[in-house]
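Student: Could you walk me through this one? I'd like to start with the overall make-up and then go into some local detail.

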Amino acid sequence: MSDEFKLRLKVLSALNSKACGAIAFQAAGISVMGYHYGYLADLVAQYCVDIKFGVVDPAASAEYDHTTDTLRFSNRNLGFYATPSGRAQIIHECTHALIDATHPGKPVRRSDNEFICWLAQTIYSLLAGDSVRRDGDFHGSLFAIASDAIRKRDGVFVVDPQAVSFVAAILRSADALRAKKAGKTVPDIELMDGIRCPRPPAMEPD
Ligand SMILES: [Zn+2]
């Protein structure tokens, strides 16, 4: 069994967990529901999402490439993906994949996308009984919003747009700083292209 196959099983087990299935919120007009993760688990099980070790962005510890439907993780120690931070990282990146899968052809603001993934991972960690950071504006806000989302019993929890823009602004400035250091420019808005399933056959040059 290859390590990448074992990593795929770790991703599936996080996606199929009770905690992940209980995630439910809406932010910036995007819904993230437990059953979406079940749908994503099907796409992962059918190899419509590529899962690889090694990241393209040297500043990232994990990433999702929506143009190739690929999840990449830098830590090659499989044991990491059974720890609270490893599982939270899986949920974060899978939420990027989920937004891509549920919004084909739709423009999504990068900072909203990032906010949603951070919130999903925080809700997941709380539901899984893992400890989460609460220090500072960023982690403190995420913790407060995630706690409210978990407390809501009826209907879908809609994140206050002001809270979204507050946290998204923190993420946007961090993103801009990282891009500047790398000498790149990043778009504010990205067009999601969905996850193709079954995957188209690889093109062979003639
Ligand atoms: Zn992210």
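Tutor: Helices here are DSSP runs of H or I with at least four residues, and strands are DSSP runs of E with at least two, both numbered from the N terminus. On that basis the protein, which is a predicted model, has seven helices and seven strands.

Student: In what order do the elements run from the N terminus on?

Tutor: The order is α-α-β-β-α-β-β-β-α-β-α-α-α-β.

Student: And what's the radius of gyration?

Tutor: The protein has 17 Å, which agrees with the value near 17 Å that a compact globule of 206 residues would have. Along the principal axes, the C-alpha atoms fill a box of roughly 55 × 40 × 30 Å.

Student: Switching to strands, how do E4 and E5 run?

Tutor: Strand E4, residues 62–65, and strand E5, residues 70–73, run antiparallel and are joined by four bridges. Asp65 stands opposite Thr70 of E5.

Student: Which residue in that hairpin takes a positive phi?

Tutor: That is Asp69, with phi near 55°, in a hairpin that has four residues between its strands.

Student: Now helices: at what angle do H4 and H5 cross?

Tutor: The axes of H4 (residues 84–102) and H5 (residues 110–127) cross at roughly 140° and come within 8 Å. Because angles over 145 degrees would be needed to count as roughly antiparallel, H4 is oblique to H5. Their crossing is right-handed.

Student: Which residues make the contact?

Tutor: Among them are Ile91, Thr95 and Ile99 of H4, together with Ile116, Trp118 and Tyr124 of H5. By class, the contact has nine nonpolar, six polar and no charged residues.

Definitions and conventions:
Residues are numbered from 1 along each chain as its sequence is written. This is a predicted model: local features need pLDDT of at least 70, side-chain atom pairs count only at pLDDT 80 or more; totals for chains, interfaces and linings use all residues. Two strands pair if DSSP finds at least two bridges between them. Axes are lines fitted to C-alpha atoms, for helices over the stretch in contact, and angles run from 0 to 180 degrees between N-to-C directions. Angles under 35 degrees count as roughly parallel, over 145 as roughly antiparallel, 65 to 115 as roughly perpendicular and the rest as oblique. A crossing is left-handed if the near helix is turned anticlockwise from the far one by less than a right angle, and right-handed if clockwise. Two residues are in contact if their C-beta atoms, placed from the backbone, lie within 7 Å. Ala, Val, Leu, Ile, Met, Phe, Trp, Tyr, Cys and Pro count as nonpolar, Asp, Glu, Lys and Arg as charged, and the others, Gly among them, as polar. The radius of gyration is taken over C-alpha atoms; the globule rule is 2.2 Å times the number of residues to the power 0.38.
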